[in-house]
Amino acid sequence: MQTYSYYADGKWLEPANGEYFETENPYTGEAWAQIPRCNEKDVEIAVQAAYRAHHEGPWGRMNPSERGAMVRRLGDAVANHADRLAEIETRDNGKRRVDIHPGLTSWLIDSFYYYAGMADKLEGSVIPTGRDEILNYTRHEPFGVVAGITAWNSPLLIAIWKLAPALAAGNSIVLKPSEFASASTLELMKALEEADLPSGVINTITGFGAEAGEPLVTHERVRKISFTGSVEGGARVAGLAARSIKSVTMELGGKSPQLVFDDARLADTVHGVCGGIFPPAGQSCIAGSRLLLQAGIYDSFVEKLLEVAKRAKLGDPNDPHTSIGPIANKIHFDRVLGHIECARQSGATLACGGNAVNPGGATGWFIEPTIFTDVTPQMPLARDEVFGPVLAVMRFDTEEEALQMANDSNFGLAAGIWTEDHRRALNLANRLEAGTVYLNNYFDACTQSPVGGYKQSGYGRENGWEGMRDFLQTKSVWLSTAREIPPPF
Ligand code: NAD
């Protein structure tokens with residue numbers, strides 16, 4: 001079994017308490033590596049290293065073009081190690097290999113290149129104060145030390161959404177990946193060493209939320225926290241951060257609706273709806289997990305949906321022919337099965353799936369693509385995030401009813417609209433309470449376009465210019481050219 005170290009101050013370190021925990025391969029259910037169980041002593045080492053790198057080292061004072069060139073080298077390093085990163089991501093969290101490489105890895109590389117180009121374009125403004133003897137201008141400045149706390153469903157992508165803009169903005173960073181999938185972030189550190197950034201600019205500590213996450217969140221030298229995870233975790237972190245008035249970005253969960261109208265193109269829409277939830281086994285924050293069908297097409301749509309869902313081939317996430325991989329960890333596997341049982345008991349109709357399976361004799365954690373029909377807005381399945389391959393199908397008659405049902409949620413991460421009436425689509429896009437709205441497609445995203453939540457799905461944005469702005473603070477500088485300052489009294 002492989003034993004990892006954690007990464008701080010440009011060194012690979014053993015955890016202060018000498019303790020490790022096991023990480024499992026979700027395809028086999030077997031432990032394959034040991035991850036350092038860091039505590040507040042390790043956090044102290046990492047944060048102080050990041051602080052020195054920013055405040056004493058060259059990083060904080062570096063010419064922005066030079067800094068941009070370094071961030072670009074991080075993209076080159078990912079490109080050089082893309083195969084290895086994809087292999088470890090699949091082994092540790094069960095993500096399909098074909099989804100990671102080349103698709104996801106090219107996105108990771110682009111993120112570094114995109115933000116590298118922004119590093120020397122952070123222009124402030126001269127403010128028209130209306131006073132000739134005053135020059136007032138703004139500067140965009142980094143926070144100093146930032147913390148990036150990430151979830152287990154897409155560790156590399158989420159880490160780089162934080163790393164690339166944070167570094168290009170001139171911050172140093174301490175990452176804390178999920179205890180359920182830390183290995184790929186540690187492998188990423190190995191790859192990024194090749195870019196030869198100053199020690200302490202990038203650090204990764206591993207471990208549990210309470211033991212490693214909380215000392216990081218509460219550390220006085222950390223001034224910004226970018227958190228991706230559950231609403232419960234986010235609420236706890238936001239509360240702790242508020243005690244020392246830290247800036248916080250929250251990327252949290254979702255229960256995203258897909259609205260399908262009678263005039264939607266049937267086959268394309270079924271493909272889009274299935275593709276919007278099942279391939280990552282529903283383990284995507286923007287999974288379109290609530291399907292709202294207009295009454296006129298309800299029956300024909302469900303029939304076609306079941307036909308397509310039943311075609312899915314569960315299996316080895318390394319096999320390019322696998323359509324759905326495993327659930328990433330045992331605790332979550334049990335939780336998803338609990339949601340399915342609860343949906344059964346609350347009166348929804350199980351139209352397909354619902355079972356744990358062992359495709360090809362696999363010993364890991366697989367759940368069939370599961371579709372419940374006759375779901376009503378009050379049922380837990382319509383309200384709670386399952387984060388698994390479970391689709392809740394609901395019926396509506398009018399556009400207003402669809403809108404009301406779609407917005408009747410504590411979440412507001414994404415929404416999809418399927419219709420050939422573009423006037424209706426654009427009107428609804430304006431009225432849906434969601435950070436991302438898809439019209440006749442689902443799941444698209446890119447480095448240039450901001451993502452983030454409304455309501456309890458969070459605040460702040462990742463990607464695009466807004467993703468950069470989240471890692472900057474604005475200073476307003478006032479200069480007087482007045483020949484004399486008059487006495488105040
Ligand atoms: P989680 O909240 O349990 O954990 C997320 C991270 O926070 C982990 O690294 C964990 O160790 C850490 N953490 C937990 N408690 C902490 C504490 N008290 N102090 C500091 N750190 C703490 O979430 P999860 O189960 O890992 O992730 C799944 C959730 O993430 C889902 O709700 C999903 O929708 C969401 N998610 C959101 C996005 C997005 O961009 N909006 C992306 C991916 C996942």
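The model is predicted, so to speak of local features I need pLDDT of at least 70, side-chain atom pairs count only at pLDDT 80 or more, and totals for chains, interfaces and linings use all residues. Numbering runs from 1 along each chain as its sequence is written, and side-chain values use heavy atoms, with hydrogens and water left out. Helices (H or I, at least four residues) and strands (E, at least two) are DSSP runs, numbered from the N terminus.

First, the sheet. Three strands make an open, mixed sheet in the order β1-β5-β4, where pairing requires at least two DSSP bridges between two strands. Its edges are β1 (2–3) and β4 (20–25), each pairing on one side only. Between β4 and β5 (residues 30–36) the pairing is antiparallel, over 6 bridges, and Phe21 stands opposite Ile35 in β5. Helix α3 (residues 82–93) packs on this sheet, touching β1, β4 and β5, with its direction at about 95 degrees to that of β4. Contact here means heavy atoms within 4.5 Å. Axes are lines fitted to C-alpha atoms, for helices over the stretch in contact, and angles run from 0 to 180 degrees between N-to-C directions. Helix α6 (residues 183–192) also packs on the sheet, touching β1 and β5, at about 55 degrees to β5.

Next, a helix pair. The axes of α2 (residues 64–80) and α5 (residues 155–168) come within 9 Å and cross at roughly 155 degrees. The two are therefore roughly antiparallel, the term for angles over 145 degrees. From α2, Arg67, Val71, Leu74 and Val78 meet Ile160, Ala164, Leu167 and Ala168 of α5.

Now α8, residues 231–243. Its 13 residues reach 19 Å from first C-alpha to last, close to the expected 18 Å, that is, 1.5 Å times one less than the number of residues. Which residues of α8 are buried? They are Val231, Gly234, Val237, Leu240 and Ala241, buried being under 20% relative accessible area with a 1.4 Å probe, protein chains only. Their cover includes α7 (209–218), β10 (222–228), β11 (247–251) and β19 (411–412). After α8 comes Ile245, with a positive phi near 50 degrees.

Last, Arg96, in the loop between α3 and α4 (97–118). Why does Arg96 count as buried? Because its relative accessibility is 15%. Leaving aside residues up to four places away in sequence, Arg96 touches Thr90, Pro279, Pro317, Thr322, Ser323, Ile324 and Gly325.

Technical notes. Buried < 20%, exposed > 50% of the residue type's maximum accessible area, 1.4 Å probe, protein only. Parallel < 35°, antiparallel > 145°, perpendicular 65-115°, else oblique.
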